[in-house]
Amino acid sequence: MGQAKNPRRVGENEALAVGTMIRGSAQKLNLVAQMIRGKKAEEALNILSFSPKAMAVDARKVLASAIANAENNHNLDVDSLVVAEASVGKSITMKRFAARARGRGTRIEKPFSRLRIVVREQQEA
């Protein structure tokens, strides 16, 4: 009894990559994800490379991984890839305490986010 093959969660002409523990809020990461949705993969990499936003560094790594997956695992043409989907979600939140005046403490929340990028091979029309 071999294990059943895991079905693909994306189409035959698509590849995906997921960043699960990106340090920063989902709201800030979504601002970066909006910049690359629907763009060509190469153009999206350039946008993220020169973006002043700190979250762009992690988003660029996930996009580069999705492009590498498309090339190496699914034999897709890198030059015709488009960012089909860039969805953001919440992950865990680390809770810390900071000392405050009069012996009190304040809770500091350090959020983590998830980023899911799907690249699709676009046929030239």
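Against which elements do the buried residues of α1 pack? In this predicted model, they pack against the strands β1 (14–23), β2 (81–99) and β3 (105–121) and the helices α2 (41–49) and α3 (55–72).

Helix α1 spans residues 26–36, and its buried residues are Ala26, Leu29, Val32, Ala33 and Ile36. Viewed down the helix axis, these buried residues fall within an arc of 120°, so they line one face of α1. The spacing follows a general rule: an α-helix has 3.6 residues a turn, so residues three or four places apart point the same way. On the other side of α1, Gln27 and Lys28 are exposed. Just after the helix, Gly38 adopts a positive phi of about 80°.

Attention now turns to charged side chains. Side chains of opposite charge can pair when their charged atoms come close. The model contains three salt bridges. In one of them, Arg120 meets Glu14 with an N to O distance of 2.7 Å. This pair links distant parts of the chain, since Arg120 belongs to strand β3 and Glu14 to strand β1, 106 residues apart. Arg120 is partly exposed, with a relative accessible area of 35%, whereas Glu14, at 10%, counts as buried.

A salt bridge also joins Glu85 and Arg116, whose closest N and O atoms are 2.6 Å apart. Glu85 lies in strand β2 and Arg116 in strand β3, so the pair ties together parts 31 residues apart in sequence. Glu85 is partly exposed at 30% relative accessible area, and Arg116 is partly exposed at 24%.

Arg107 and Glu109 form a further salt bridge, at 2.9 Å from N to O. Arg107 is partly exposed at 48%, and Glu109 is partly exposed at 46%.

Key: Residues numbered from 1 in each chain as written. Predicted model: local features only at pLDDT ≥ 70, side-chain atom pairs only at ≥ 80, totals over all residues. Heavy atoms only, no water. Buried < 20%, exposed > 50% of the residue type's maximum accessible area, 1.4 Å probe, protein only. Helix = DSSP H or I, 4+ residues; strand = E, 2+ residues; numbered from the N terminus. Arc of directions from axis to C-beta. Contact = heavy atoms within 4.5 Å. Salt bridge = Lys/Arg side-chain N within 4 Å of Asp/Glu carboxyl O.
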